[in-house]
Amino acid sequence: MTCREVQDAFVDLQDGRLDAASELRVHAHLESCAHCREHAANWKALLPAMRALVPPPPTPMRARRMELEIERRIAEPVSLAARPRRRWPLYGVPLAVAAAAALVLWLLPRKHGPTVVVAVPPPVVAAPPAFAVLTSTDKPAGERLAAGSRVVLASGRNATLELATLASLALVGPAELTLAGDDQHVTVALEEGRLEAKVAHRQPGQTFVVAFPQGRVEVRGTRFVVMAKPVDSWVRVDEGRVAVFDHDGGEWSVGAGETHEFAPPPAPIFPAVPAPRHVCSSPAVSCGPLTQAVRVAIRGGAYERAESLIEPALRPRPNCRPLVCRNELGYLRAEALRESGRLDEAVAAYKMLDHRDAPSTTRQNALYAAAQLERRLGNLAAARADFDRAVAAAPGGALREEAMLGAMEAAERAGDHVGALAAARRYLDTFPKGIGAAQARRIVASERGNAP
Amino acid sequence: VADRSPPLEVAALVERARSGEASAFRELFRLHVSRVHRIVYRMVGASSDVDDLVQTVFVEGFRSLPGFRGESLFSTWLGRIAVRVSMRGKRRPALTLIPLDTAPQSVATTGDPHEAASAKEGLRRLDALLVTLRPKKRAAFVLHALEGYSLEETAAMVGASVAAVKVRIHDARRELERRALKDPYFAERVGNKERP
């Protein structure tokens, strides 16, 4: 055994990870080598000394804040500037192919593949290989569909599509969709109608996309519902998490129990005439460095600097894509105002985040923070209303229980017995063993005692 | 030595998190936050960015959970992200050590004020030693020597071969030993072997 091999084994020797034979060889070498013996003695003292210098884990309060921040960031659309660098650039190839396929489908939706019309005389569908099997009241035995097939469903009719790639789609008429892709990359172009999807987990590199006029949904394995309409389309996720992209490039992560509503498109979806091009003349904003700088300023107590960084970025940007970090900046602005003691302005800033483009968890966090401040300021009725809105903003959110408790306490402190009783009953129905269960039972019991 | 959570429990949580269950995300966070925090702290030192980097580790981890194939332990996989995020975080600004009087946290101690002061000083000196190492050597040394991961786990976490990791640890150990023996705090623990 060489000196280098022996010295490389110091850590494993101390951690008892060497097998008996290796340990024997190391000790034999140490007995005969003063140089290695000296190093071994040094590390026998240094290693435990260094290991004992453990930074303390985050306090429960800091960990809780981190947890909330993580949930908020997961719910936020992914900022390109903040995306991690991919180690393997070839990941882009299958994604680019899928994107190109989706684009072609988007541009040529009515010239692509054969069409299956349910409830009107059915045309002959191109032969296998079967991509999907369509089952409806007209076709109880099922009909094999190839990639590129088009399905048109009359009003009041239902159909089920079982895809070979382990996905099940329930379609409610009136609806029109086109199937495209292959085993690896599936695209369902839903022009109109309601589609409920149950998609088996995709392997890395596989994609499953539902594209529709106002956006698209990318999933890796989940259950969700898409309602595609000329305006006010929406996506509701029942299980898992999906990436939702709207028509102007905005990206959202929507989790179980959440619904994403799409803003009306600025131009026709499948435009016959190209939409006029507008030029964005506002200066470019790099979200990653900006939000980082704002956070550093807030942590350092430089609240005015934080505001001066945020304010230009939140100005209206005509003809520009909305900033992906606009909600995060709005939240940071509210935090800076709160930290600087401008509580009324902070409340207003938090409430500005309660709009439908903001992820539901961000809305819940903001409304909860606003309600807490309002309670501190003595505005109990407003606090109660905002706690209630925080509950409604994200029924599966992390602050649901705290917001329900807040509503109950605010109503009780305001002397609103009816409101407190209703809030207590709602809390007990949802969290019968929650941290506020005893308090809720006390409110219910006292109201029973007051009853004639 | 690295503390480990029961793998079966973690595997079940990972499966639930994969299907988007928020409570599973939270449980995974609570199980792993201390270890991730320790790795990030050891990598970037007493910086005010530690909490942000820890959050980034979990955000990136949870977002890429569908890509986790269970070929390694979840903690190893998350540790790999922690190393990558820390190294990326270090690349942006030059590393600056915050004086511990203003640092947001102090070292974990048993409550004895003298011991606390000594440990605080020791942590500052350990940071000062580690900061002299190049990031790859620092990552390998932190994971293997300080956090107690095996060479194979360390190699998986830093994305290098076991042979490369051995070389990095060897170099790091030599550099650190030389500097530690010149540092009064560590020299005292080795037995006043301070060298000229």
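Chain B of this predicted model contains 9 helices and 0 strands. Read from the N terminus, its elements follow the order α-α-α-α-α-α-α-α-α. Of the 196 residues in chain B, 55% count as buried. Contacts within the chain can also be sorted by separation in sequence: among those between residues at least 6 apart, 61% join residues at least 24 apart. The accessible surface of chain B amounts to about 8,500 Å², with carbon and sulfur atoms supplying 52% of that area.

The description now turns to the partner chain. Chain B contributes 62 residues to the contact, and chain A contributes 52 residues. The size of an interface is often given as the accessible area lost when the parts come together. For chain B and chain A this buried area is about 5,100 Å², and carbon and sulfur atoms give 58% of it.

On the side of chain B that touches chain A, the elements giving two or more residues are α2 (22-44), α3 (50-63), α4 (74-91), α5 (113-130), α6 (135-146), α8 (162-182) and α9 (184-190) of chain B. Of these, α3(B) gives the most, with 10 residues. Sorted by class, this side of chain B comprises 27 nonpolar, 16 polar and 19 charged residues.

Methods: Residues numbered from 1 in each chain as written. Chains lettered and ligands numbered in written order. Predicted model: local features only at pLDDT ≥ 70, side-chain atom pairs only at ≥ 80, totals over all residues. Heavy atoms only, no water. Contact = heavy atoms within 4.5 Å. Buried area = accessible area lost by both parts, 1.4 Å probe. Helix = DSSP H or I, 4+ residues; strand = E, 2+ residues; numbered from the N terminus. Nonpolar A, V, L, I, M, F, W, Y, C, P; charged D, E, K, R; others polar. Buried < 20%, exposed > 50% of the residue type's maximum accessible area, 1.4 Å probe, protein only. Areas by Shrake-Rupley, 256 points an atom, 1.4 Å probe, with all protein chains shown as cover.
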